[in-house]
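Colleague: I would like a close look at a single part of this predicted model, together with an account of what surrounds that part. Please take me through it slowly, in one connected answer.

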Amino acid sequence: MVRLPLAGGTGIRSRVAGGSRFSESSPSAATGPSLSLRSSARPNEPRRARSRTPPRAQTNIKMRSIAAILAFMCVAANAQQKAIVVFTTGGNGVVGNVTFTQEGGSVRLEGTVENLKPGEHGFHIHEKGDLTSGCTSTGGHYNPYSKNHGGPHDKERHVGDLGNIVSEPEGVAHVAIVDKVISLVGPTSILGRAVVIHSDRDDLGKGGFDDSLKTGHAGTRVACGIIGTLNPGTQSLAASSASANVGYLTLISLVSLRFFQS
Ligand SMILES: [Cu+2]
Ligand SMILES: [Zn+2]
């Protein structure tokens, strides 16, 4: 009788001990052990499961750290593309530089050009990075899709059509352009081509002159420079190829881990 609390632990004892007096408590005693059986059976399972979880937790941690490394390598591979053009050619004393930064699908241009006649000046990417005959040998506007000349916000435009830059009365032009057509990557990259600054305003193809739809009637070429990369070359190439390899290996290992876990 006194053993009842102890008897609760095993159904047999409670049933052995169970007289008429326990008829009332026997349901609870019956449920008790059965509950305790369940509760003892179930905690045991998680305990077993828990004893198994450390390896799983370890693989989870491994997978997470692999994913983190992969993410880091991807970020490293997609490091921001940057380029620069330095204006020294043209013989008009026009100097300056403009940087190009790839920001997703657009490119940001930032820089300063000095000694420009006040007012608007056509500002284009020309197709060739060839300065053997000064700005003349840079060819025409970069136009890989064979379109007519236009303004930077027109659908009909050369890839190289960046409109005008404005020189202030003291002869300094601050360049701040964001363009969605030019790119520092891919088959129509502007890297290695030239930027040309013209003597006159680009009419954006709307001036009605013979050359409006070809050059924007922007006059002579007063300054130019070649668009060169600012990215660390071999390092970024090595990093991107290494990260590609790491990416493939990680994918394979993740898939095989998943396979062996299931
Ligand atoms: Cu031009
Ligand atoms: Zn053009």
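Modeller: I begin with Ser183, which counts as partly exposed because 19 C-beta neighbours lie inside 10 Å of it, whereas a residue is called buried at 20 or more. Ser183 sits in the loop between β7 and β8. Leaving aside residues up to four places away in sequence, Ser183 touches Gln102, Val107, Thr188, Ser189 and Ile190. Ser183 and Gly104 are 79 residues apart in sequence, yet their C-alpha atoms are 9.5 Å apart in space.

Gly104 leads us to the hairpin formed by β2 and β3, which has 2 residues between its strands and in whose turn Gly104 takes a positive phi of about 65°. The two strands, β2 with residues 95-103 and its partner β3, run antiparallel and are joined over 9 bridges; Phe100, for example, has Leu109 in β3 as its bridge partner. Strand β3 also pairs with β7, residues 173-179, again in the antiparallel sense and over 7 bridges, and here the bridge partner of Glu110 is Ala176 in β7.

The two faces of β3, which spans residues 106-114, can be told apart: Val107, Leu109, Gly111 and Val113 make up the covered face, while Ser106, Arg108, Glu110, Thr112 and Glu114 make up the uncovered one. In soluble globular proteins, nonpolar side chains tend to be buried together. The largest nonpolar core of this model has 30 residues, and Val113 is among those with the most contacts inside it, along with Val195, Ile197 and Cys224. To this core at least two residues each are supplied by β1 (82-87), β2, β3, β4 (119-126), β6, β7, β8 (194-198) and β9. Cys224, for its part, touches Phe87, Thr89, Gly90, Leu131, Cys135, Thr138, Ala194, Val195, Val196 and Ile197, once residues up to four places away in sequence are set aside.

Seen as a whole, the protein has 5 helices and 9 strands, which follow the pattern α-α-α-β-β-β-β-β-β-β-β-α-β-α along the sequence. Of its 262 residues, 25% count as buried. Among contacts between residues at least 6 apart in sequence, 60% join residues at least 24 apart.

Gly151 lies in the loop between β5 and β6 and is partly exposed, because 17 other C-beta atoms lie within 10 Å of it. With residues up to four places away in sequence left out, the contacts of Gly151 are Arg157, Asp161, Gly163, Leu204 and Gly205, and its C-alpha is 8.7 Å from that of Gly216, a residue 65 places away in sequence.

Most residues other than glycine have a negative phi. Ser146, in the loop between β5 (132-135) and β6 (161-167), has a positive phi of about 50° although it is not a glycine, and His217, in the loop between α4 (212-215) and β9 (221-229), has a positive phi near 50°.

Note on methods. Residues are numbered from 1 along each chain as its sequence is written. Chains are lettered from A and ligands numbered from 1 in the order in which they are written. This is a predicted model: local features need pLDDT of at least 70, side-chain atom pairs count only at pLDDT 80 or more; totals for chains, interfaces and linings use all residues. Helices (H or I, at least four residues) and strands (E, at least two) are DSSP runs, numbered from the N terminus. A residue is buried if 20 or more other C-beta atoms lie within 10 Å of its own, exposed if 12 or fewer, and partly exposed in between; C-beta atoms are placed from the backbone. Two strands pair if DSSP finds at least two bridges between them. Two residues are in contact if their C-beta atoms, placed from the backbone, lie within 7 Å. A nonpolar core is a set of buried Ala, Val, Leu, Ile, Met, Phe, Trp, Tyr and Cys residues joined through C-beta atoms within 7 Å.
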